[in-house]
Protein chains: 2
Amino acid sequence: MRPLTFNKQKALADVTQLFWRQGYEGTSVQQILSCMGLNRSSLYSAFGDKRALFVQALDHFGTLAGVACTPLRQLLDPKEAVRQFYNLVFFALPAEQRMNGCLLVNTILGQSGLDEELATIAASKLAEVEQAFERCFEAAQERGALKQAVDPHGLAAYFMTLTKGLRVAAREGRSEASLRQMIAISLTVFD
Amino acid sequence: MRPLTFNKQKALADVTQLFWRQGYEGTSVQQILSCMGLNRSSLYSAFGDKRALFVQALDHFGTLAGVACTPLRQLLDPKEAVRQFYNLVFFALPAEQRMNGCLLVNTILGQSGLDEELATIAASKLAEVEQAFERCFEAAQERGALKQAVDPHGLAAYFMTLTKGLRVAAREGRSEASLRQMIAISLTVFD
DNA sequence: TCGGTATTGGAATGATCGTTCCTGTATGTT
DNA sequence: AACATACAGGAACGATCATTCCAATACCGA
């Protein structure tokens, strides 16, 4: 048995970037082959068809998003935790990647009506991030680091929504300074 | 000279709804014909090709968005103006339309890399809404209805971004109650 | 009534795309 | 050395799609 000569994880990371930039329908198999550096036969035998590959890319992106949630799990002051989350999501990347927005958000909105399942998968991964927000706020409330009056569930939904909006704004090409200003305004809800 | 038997504005409004639901690439000419209730030849002679039709639909949607901005132009208390804006945008529609999100946001994110011009057109229409926000806040500041410390430009960007996020959330199928709660939280920046 | 034009429907075209299949060649394992 | 399998490239297929073209019909204006 001859082993694979290419690194499957590396190839998946590469194609995730491509989907991130161009979306599912906007990416042709030909581009995928060039980007991953392998040929048609290898692609179909290693990853299945284009749709299956995209699902794997969504998974890959989801784990990246999970990494960005680590500040939310560290029992920091909630305002500081959110600030660090945004730093990871928006400013720990080169600008050209930031301008891609969010693969999950793009997938939810870029739907053609059919294949609603892809949108569902993306939404479920976003829901995981929202849960991280919620748990962060709940824990903060328990130890008195957050006012009792606020609803952790609602606050988590608020920050998730803002994050989605920021992703759209980033895709529109907003400057880093503009993004930082909007984040600062949103953080005043903690005061 | 025989006149057109169909109402051009009505047909345009109908197809705008269709694009709103399914996006540009997700809509076939066949669906367009059924939806508008006319046949191929009439479509091409009255509206040009599919792309030209989509641009006209973007225009149509832009004027609808302009209508939603009227509360921002009425010198209300800014918090109240924003509240009414959101009422028009999200709650003056049947739920199934709310779930479509925003045609402009969808267009910006649903791009296949090529035809960047469509995204540019959509972004410019969103920019008009943002200007309405900004002017609303500037005017409020001049007459003392808004704290001098805040930056009208930044605040307008903040609410635009939140609106985009809400559009995504609406497309995900969030409940009306959840949307209202997020809006309420966002309005605390005025306090 | 007559001519022009809109309407209707469908056929034909040309292009793109995903997918499968096939023929080699190269290379690692047994 | 021999076999299994990955790699490479391309041909072929089927499907979808936007667009153009063409014929036949219906209807309004002069």
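Predicted model: local features only at pLDDT ≥ 70, side-chain atom pairs only at ≥ 80, totals over all residues.
**Chain A as a whole**

Chain A contains 10 helices and zero strands. Written in order along the sequence, its pattern is α-α-α-α-α-α-α-α-α-α. Chain A has 191 residues, and 37% of them count as buried. Among the contacts in chain A with a separation of 6 or more, 61% join residues 24 or more positions apart.

**The nonpolar core**

The largest nonpolar core has 100 residues. Which of its residues touch the most other members? They are A:Leu104, A:Phe133 and A:Phe159, together with B:Leu104, B:Phe133 and B:Phe159. Leaving aside residues up to four places away in sequence, A:Leu104 touches A:Phe61, A:Ala122, A:Lys125 and A:Leu126.

**Two helix pairs**

Two packed helices are described by the angle between their axes and the distance between the axes. The table gives both values for one pair in each chain.

| Helix pair | Axes come within | Crossing angle |
|---|---|---|
| Helix 1 (residues 8–22) and helix 4 of chain A | 9 Å | roughly 95 degrees |
| Helix 9 (residues 152–172) and helix 10 (residues 176–186) of chain B | 11 Å | roughly 165 degrees |

In chain A, the axes of helix 1 and helix 4 cross at roughly 95 degrees. Angles of 65 to 115 degrees count as roughly perpendicular, so helix 1 of chain A is roughly perpendicular to helix 4 of chain A. On the side of helix 1 of chain A, the contact is made by A:Leu12, A:Ala13, A:Val15, A:Thr16 and A:Phe19. These meet A:Leu53, A:Phe54, A:Gln56, A:Ala57, A:His60 and A:Phe61 in helix 4 of chain A. By class, this contact of helix 1 with helix 4 of chain A has eight nonpolar and three polar residues, and no charged residues. A:Phe61 of helix 4 in chain A is also one of the residues that A:Leu104 touches.

In chain B, the axes of helix 9 and helix 10 cross at roughly 165 degrees. Angles over 145 degrees count as roughly antiparallel, so helix 9 of chain B is roughly antiparallel to helix 10 of chain B. The crossing of these two helices of chain B is right-handed. Helix 9 of chain B contributes B:Leu162, B:Leu166, B:Ala169 and B:Ala170 to the contact, and helix 10 of chain B contributes B:Leu179, B:Met182 and B:Ser186. Six residues of this contact between helix 9 and helix 10 of chain B are nonpolar, one is polar and none is charged.

**Where the chains meet**

How many residues does each chain bring to the contact between chain A and chain B? Chain B gives 34 residues and chain A gives 34 residues. On the side of chain B that touches chain A, helix 7 (103–109), helix 9 and helix 10 of chain B each supply at least two residues. The largest share of that side, 13 residues, comes from helix 9 of chain B. By class, the side of chain B that touches chain A has 14 nonpolar, 16 polar and four charged residues.

**Single residues**

Most residues other than glycine have a negative phi. A:Leu75 is not a glycine, yet its phi is positive, near 55 degrees. A:Leu75 is found in the loop between helix 4 (50–68) and helix 5 (78–91) of chain A. Is A:Leu75 buried or exposed? A residue counts as exposed if 12 or fewer other C-beta atoms lie within 10 Å of its own; A:Leu75 has 12 such neighbours, so A:Leu75 is exposed.

In chain B, B:Leu75 has a positive phi of about 55 degrees. B:Leu75 lies in the loop between helix 4 (50–68) and helix 5 (78–91) of chain B. With 12 other C-beta atoms within 10 Å, B:Leu75 is exposed.

A:Gln97 is found in helix 6 (residues 95–98) of chain A. A:Gln97 has 14 other C-beta atoms within 10 Å, so A:Gln97 is partly exposed. A:Gln97 and A:Trp20 are 77 residues apart along the chain, and their C-alpha atoms are separated by 8.6 Å.

B:Thr188 lies in the segment after helix 10 of chain B. B:Thr188 is partly exposed, with 13 other C-beta atoms within 10 Å. The C-alpha atoms of B:Thr188 and B:Lys79 are separated by 8.8 Å, and the two residues are 109 residues apart along the chain.

Methods
Residues numbered from 1 in each chain as written. Chains lettered and ligands numbered in written order. Core = buried A, V, L, I, M, F, W, Y, C linked by C-beta atoms within 7 Å. Buried ≥ 20, exposed ≤ 12 C-beta atoms within 10 Å, placed from the backbone. Contact = placed C-beta atoms within 7 Å. Axes fitted to C-alpha atoms, helices over the stretch in contact; angles between N-to-C directions. Helix = DSSP H or I, 4+ residues; strand = E, 2+ residues; numbered from the N terminus. Parallel < 35°, antiparallel > 145°, perpendicular 65-115°, else oblique. Left-handed = near helix turned anticlockwise from the far one by under 90°. Nonpolar A, V, L, I, M, F, W, Y, C, P; charged D, E, K, R; others polar.
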